[in-house]
Every structure is written in C-alpha cells, then in structure tokens.
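Hi,

Here is the structure I said I would pass on. Have a look at it first, and then read on for what turned up.

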Amino acid sequence: MKMRKKHIPILPLCVSVGLLLLSTVGSARAALTYYSENYAMEVTVSSIGVTLTENGTAVSYRNYLEDDWSDSGTGELLTHMLEDTEGKLVPGRNYPESLAVTNSGAIDSYVRVILRRSWQDGENRKDTALSPELIQLGLTEGSGWVLDEKASTPERMILYYTKVLPAGESTPALCDTLCVSPQILSRVREDVRETAEGRVITTSYQYDGYWMNLEAEVDAVQTHSGEEAVRSAWGIDVKIGEDGTLTLAP
C-alpha cells in the first residue's frame, strides 16, 4: 500500500533565490506490505499483521483477517515534521523521525523494513546524479535493528529486527532523525548583470525545485520454522539462536 504524498517546501536561504531546494514540492511516501502468506497459512490464516508507526503514532497497518487483507489503512508520513518551522525544511537540521513496527497480528513474527530514498527534479523525473545519501536518516544503535550492508545501496536500506516481535508489542525505533545534508547547497551559480544602478548579482542553486522521496516498506514472517520462513519470504540465509535471536549469514 502506497502512502499519499506529503508536500515539504524548504526554507528560503537567499532573497534572490526565493524558495530554495524543494521549492516546487517535496514528498514523502511509505508502503506497507506482507509477502509470506504461504507461511501464514500453515499456522492460522487470521493471525498475521504489521503496523508502521511514526513518532509513536500508527501511520499504516495491514492485518490478515477472515481470509483477506480488508483490515488495512494508510496515512501520511512527516505530517507534523515542520510544525515549528513555518512549513519550511532547513538543510542541516535534524528533525524527529522515529520509525518503528508494531505486531498487530496474533502470532509472534520477525519483521524487516526497507527504506528507499531518492530525488526527483521539478518535472517529476528521477534524478540519479544527486546522491540519495544526502537524505540522512539517523539509525539507532543497540536497538535490535541491524542494517544488511551487503544488500543495501545508497538508495535502498534494508533493516532486520533481530529479535522475535511478540503479538501486540512494538520494536524500538529503527531511526530517530531525518536530515537533508547541507552539502546539497554547494552547487551554486552566480549571474552578474549591469544596471543603471550598478552591478546586480543573483545566486541560484542547481537543485532548486527538487523533490525528496522517502518510502518505507514493512513485511513480516512467522517464527515457526523461522529459518526456512525467512529464506522463502526474504531470500536470505539466517541463523536463529535458542533465544530466537536472528543473525544474518556472513
């Protein structure tokens, strides 16, 4: 399920520029999916579900009830992110962005989150030259979340929660801040023109009018036959200890 877009303009840093980066529109998207219905069917068809939370509030959820996914809902990310900045995003500032997962089903599960970040120009075309890593998420340490560095790219980050997530409980936050690197302001151009009153210098930024895209995708597998379930659903090899802790294969 794709989340509706949230427009995020950026704070003007120069009068001659007007609205700097994201001045046309900015967006944040999130998705919530579940891929391993085959394993859910082995236990109880109406027992699996996950909910994506942002700063302690449920944003999207999807629960398997009565043989379908009708118990689903979507919302918007970053809705309250800019309330204290007059609706303008400032590069270099850390904004609270705590993403976590709640097990809204009836059985224990393992969960993972895929984060995708990218840029689009003012004509809605994806820009592959501008680094997605300029969209910086502050990943939390010691929270039980682990980044799969082998499978991750600058655009896509794959994180696994290494502990069993019991029904009704939530994971710690996998990240706690969001920041657009001020390096995005380094590409500038100065136009000089002579007028009757003297020389006028106008500064413009290469990425004025760009969109920031952030997408979060959540899925889960049951703990029963956990190693096989993870391999089938996620295509990776893991080891699961006696205490249920999941370890990625080297």
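A quick definition to begin with: two residues are in contact when they have heavy atoms within 4.5 Å. Among contacts between residues at least 6 apart in sequence, 67% join residues at least 24 apart.

Before the details, please keep in mind that this is a predicted model, where local features need pLDDT of at least 70, side-chain atom pairs count only at pLDDT 80 or more, and totals for chains, interfaces and linings use all residues. Residues are numbered from 1 along each chain as its sequence is written, and side-chain values use heavy atoms, with hydrogens and water left out.

The overall picture: the protein has two helices and 15 strands (DSSP runs numbered from the N terminus, with helices being H or I of at least four residues and strands being E of at least two). Of its 250 residues, 47% are buried; buried means under 20% relative accessible area, exposed means over 50%, and partly exposed is in between, with a 1.4 Å probe and protein chains only. The accessible surface comes to about 12200 Å², and carbon and sulfur atoms account for 47% of that (Shrake-Rupley method, 1.4 Å probe; for residues, only the protein chains shown count as cover).

Now the salt bridges. The whole structure has seven of them, a salt bridge being a side-chain nitrogen of Lys or Arg within 4 Å of a carboxyl oxygen of Asp or Glu. One of them joins Glu217 to Arg116, at 3.2 Å from N to O. Glu217 sits in strand S13 (residues 211–222) and Arg116 in strand S5 (residues 109–120), so this pair ties together parts that are 101 residues apart in sequence. Glu217 is buried at 7% relative accessibility, while Arg116 is partly exposed at 27%. Glu215 comes in here too: Arg116, Glu215 and Glu217 are linked in a network of salt bridges.

Another salt bridge runs between Glu155 and Lys126, at 2.6 Å from N to O. Glu155 is in the loop between strand S8 (145–147) and strand S9 (156–161), and Lys126 is in strand S6 (residues 126–127), so the pair ties together parts 29 residues apart in sequence. Glu155 is partly exposed at 29%, and Lys126 is partly exposed at 48%. There is also one between Glu123 and Arg125, with the closest N and O atoms 3.3 Å apart. Here Glu123 is exposed at 57% and Arg125 partly exposed at 48%.

What about the aromatic rings? Two aromatic pairs were found in the whole structure (rings of Phe, Tyr and Trp, taking the six-membered ring of Trp, with centres within 6.5 Å; planes under 30 degrees apart are stacked, over 60 edge-to-face, and the rest tilted). Trp145 and Tyr161 make a tilted pair, 5.4 Å centre to centre with 50° between the planes. Trp145 belongs to strand S8 and Tyr161 to strand S9, so the pair ties together parts 16 residues apart in sequence. Both Trp145 and Tyr161 are buried. Tyr160 and Trp234 have ring centres 5.4 Å apart and planes at 55°, so that pair is tilted. It ties strand S9, where Tyr160 lies, to helix H2 (residues 226–234), where Trp234 lies, and the parts are 74 residues apart in sequence. Tyr160 and Trp234 are buried as well.

Finally, H2 itself: its residues Gly226, Ala229, Val230, Ala233 and Trp234 are buried. They cover an arc of only 95° around the axis, which puts them on the same side of H2 (the arc is that of the directions from the helix axis to the C-beta atoms). After H2 comes Gly235, with a positive phi near 70°.

Best wishes
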